[in-house]
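Here are my notes on the ligand site. Please read them with the model open.

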Amino acid sequence: MPSAVGDRLARAGVLGLQGDFREHLDTFQRLGTEAIDVRRPEQLDDIDALVIPGGESTTIGKLAAHYGFIPKLKERVAQGMSIWGTCAGAIFIARDVPGHPHPLAELMDITVRRNAFGRQLDSFEADLDVPALGSDPFHAVFIRAPRVERVGASVDVMARIGDDPVLCRSGQVWVAAFHPELTDDLRIHQRFIEEL
Ligand code: GLN
């Protein structure tokens, strides 16, 4: 069921500057949620929720800064727009990324280290226990994933691998260290949109 915001249907966006934004757009389409490919900051005025996809956080940060997205993202989140960063998108949303001298949106009080799961674990899959989604595990695909090293007091950890948070939210700001858009399980996208 598509979600409603007031008397109209919710509209999502996916930042289409770099990375696997098409897979997120497909996932929203499968959920019956209208989603637009966001290429200009003004488009943020037309959506209720934005996904920052996985890809290359250095490139996403540089392009987002170049096109003037960062102040507009802060403004729209302060106005209530939801935002969710997956993998590289989670890095872009973090407040602090040690050794990463590139633009960040700094929308969640977390410290994230890039590519920090170690060589053997460069890419891997894992069944996550996500209590907020019910008892069925969520099969998660990790690709050169960031490691969340610190979460601020405002952050709820929704899933972990060992001690490491891999799905977190702070109000309407979400991050996932993995790629929910690469599996057929639509539950996280659905929950993100349902709460608008
Ligand atoms: N390693 C990438 C980065 O640091 C993120 C990888 C991904 O998004 N799958 O930007």
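1. First, the terms. On a 1 Å grid over the protein atoms alone, a pocket is an open set of points where a 1.4 Å probe fits, with protein on both sides within 12 Å along at least five of seven lines; lining residues have an atom within 4 Å of a point. A volume is the space filled by probe spheres set on the points, which are joined across faces, edges and corners.

2. The model is predicted: local features need pLDDT of at least 70, side-chain atom pairs count only at pLDDT 80 or more, and totals for chains, interfaces and linings use all residues. Numbering runs from 1 along each chain as its sequence is written, and side-chain values use heavy atoms, without hydrogens and water.

3. The largest pocket has a volume of about 160 Å³. Its lining includes C87, A88, I91, R114 and H179. By class, the lining residues are four nonpolar, four polar and three charged (Gly counts as polar, Cys as nonpolar).

4. The ligand takes up the space of the largest pocket. Residues around the ligand include G54, G55, E56 and R144 (a heavy atom within 4 Å).

5. Polar contacts are N or O pairs within 3.5 Å. A ligand oxygen lies 2.6 Å from a backbone N or O atom of S57. A ligand nitrogen is 2.6 Å from a side-chain N or O atom of N115.

Methods
Polar contact = N/O pair within 3.5 Å; in protein donor to acceptor, adjacent residues only side chain to side chain. Sits in = over half its atoms within 2 Å of the grid points.
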